[in-house]
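Dear colleague,

Please find below the structure that I am handing over to you, together with its sequence.

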Amino acid sequence: MTTLQDCQALDAQDPLRPLRDLFTLPPGMIYLDGNSLGAAPRAAAERAATVVQQEWSQGLITSWNAAGWVDLPQRLGNQFAPWIGAGADEVVFTDTTSINLFKVLTAAARLAREDAPQRKKLISERSNFPTDLYIAQSVCAEYGLELVLLEPEEIAAALTPEVAICMLTHVNYRTGAMHDMAAVTAAAHAQGILCVWDLCHSAGAVPVDLKGANADYAVGCSYKYLNGGPGAPAFVWVHPRHADRFWQPLSGWFGHSAPFAFTPGYEPAAGIRRYLCGTQPIVSLSLLQCGLDTYEAARPLGGMAALRTKSLTLTDLFIRLVEERCAGHGLGLATPRDHAARGSQVCLTRDEGAYAIVQALIARGVVGDYRAGSGAAPAAGKGDGGTAHKDILRFGFTPLYIGFEDVWNAVEQLRQVLESGEWRRPEFNQINAVT
Ligand SMILES: *Cc1c(COP(=O)(O)O)cnc(C)c1O
């Protein structure tokens with residue numbers, strides 16, 4: 001049996017422990033929802049004050065040049081690129097994940113239409129994050145493609161010459177299951193299929209090597225593991241072999257080769273800058289810098305390899321403690337146990353009360369979240385047995401600021417919520433607008 005002392009010993013040996021002090025977390029809260037909205041870096045409040053009081057209030061229009069606002073999307077992109085295996089001048093932070101996905105799917109659809117007009121399918125996963133599927137529906141309607149939704153185990157066999165684009169989210173938002181990016185991309189390329197990867201639940205959470213995997217396009221979120229702040233701009237990456245080939249569909253002036261020449265005709269900038277559209281959200285981008293800087297602080301402590309090791313130790317510990325201490329309470333595991341197939345979250349299932357249990361935990365200061373089941377019939381062979389489509393209690397473990405004693409305390413609270421049955425109380429069964 002694992003003890004509280006074992007968990008404390010793990011904290012004492014943790015080389016990443018000092019990073020926790022870079023964040024402001026409410027006292028007494030155990031925050032297991034950094035995969036939905038990352039914690040606030042301590043530096044963010046001061047950065048916000050500088051941007052508002054100096055750069056904006058005093059510098060006004062001159063700050064576009066003097067404070068470097070004009071190339072913030074590229075500067076932040078260059079800072080973050082090594083964490084996802086991208087090169088210099090290949091990434092920009094801009095717009096939202098949904099919008100960036102629209103840009104790259106359109107670029108891929110145009111490329112496919114030109115090079116291989118006989119390919120008429122865009123394949124994805126049925127349990128992909130819905131906004132990805134909604135955006136894909138628009139692009140398919142526009143480009144005459146058929147959107148084919150699959151279970152993860154059906155993907156390999158579906159990579160056929162009728163497929164133009166394979167669009168997958170690297171780590172599934174519901175189950176935490178992770179695709180083998182290099183293997184799927186290689187299998188897709190062998191059939192002439194372009195690969196678009198969504199890194200919302202993997203950027204900053206697991207090692208990602210876009211160039212190594214030879215991916216074609218990628219997008220991802222910065223307000224989750226990257227701690228960029230609510231609504232912080234997302235990122236977009238395009239492999240350099242495609243970067244200059246097509247205009248993106250949202251041909252705004254910030255993607256123009258010379259925005260301040262004010263010419264009436266659109267001429268896209270070379271490279272990744274053409275993926276910008278309009279004026280950028282400078283305050284938000286400036287705060288994102290603080291989130292990315294917390295990763296720079298992790299670099300001398302072992303970087304992504306150390307973060308991944310800690311993440312796996314945290315998630316293994318959580319699974320083990322739930323099994324040891326919450327046995328007999330009807331919990332199932334939707335997340336794969338295999339390290340190579342898992343992101344940085346653990347998802348539990350329960351036939352009844354998943355939402356209310358999460359609310360009761362939040363009232364006790366343990367913040368996870370709930371994701372509704374898809375309503376689809378559970379397919380065989382998922383997690384510990386057909387759990388992928390059930391209601392989910394989701395717990396994200398950000399190795400930058402979550403410790404091993406936190407895991408112990410979270411499971412202890414879960415045990416008490418289940419044993420007392422307090423989750424049945426009416427106040428925990430009111431459904432809020434944001435779950
Ligand atoms: C969080 C998330 C999004 C969010 O998209 P926005 O446009 O930022 O709202 C999209 N896709 C996936 C897979 C996500 O996890």
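In which sense do strand 4 and strand 10 pair, and over how many bridges? Strand 4 (residues 91–93) and strand 10 are antiparallel and share three bridges; two strands count as paired if DSSP finds at least two bridges between them. Helices (H or I, at least four residues) and strands (E, at least two) are DSSP runs, numbered from the N terminus.

Please note that this is a predicted model, in which local features need pLDDT of at least 70 and side-chain atom pairs count only at pLDDT 80 or more, while totals for chains, interfaces and linings use all residues. Residues are numbered from 1 along each chain as its sequence is written, and side-chain values use heavy atoms, with hydrogens and water left out.

Strand 10

Within the pairing described above, Val 91 has Trp 237 of strand 10 as its bridge partner. Strand 10 also runs antiparallel to strand 9 (residues 217–220), to which four bridges join it; here Gly 220 stands opposite Phe 235. Phe 235 and Trp 237 point one way from strand 10 (residues 235–238), Val 236 and Val 238 point the other way, and all are buried. Buried means under 20% relative accessible area, exposed over 50%, and partly exposed in between (1.4 Å probe, protein chains only).

Helix 5

Helix 5 (residues 97–115) has 19 residues and reaches 26 Å from its first C-alpha to its last, close to the 27 Å expected; the expected span is 1.5 Å times one less than the number of residues. Its buried residues include Leu 101, Val 104, Leu 105, Ala 108 and Leu 111.

Aromatic contacts

Rings of Phe, Tyr and Trp (its six-membered ring) pair if their centres lie within 6.5 Å; planes under 30 degrees apart count as stacked, over 60 as edge-to-face and the rest as tilted. By this rule the count comes to 16 aromatic pairs. One of them, Trp 64 with Phe 254, is tilted, at 6.1 Å centre to centre and 50° between the planes. Trp 64 lies in helix 3 (residues 63–66) and Phe 254 in the loop between helix 10 (240–243) and helix 11 (282–298), so this pair ties together parts that are 190 residues apart in sequence. Trp 64 is partly exposed, with a relative accessible area of 21%, whereas Phe 254 is buried, at 6%.

The ring centres of Phe 129 and Tyr 173 are 4.9 Å apart and their planes stand at 70°, so this pair is edge-to-face.

Kind regards
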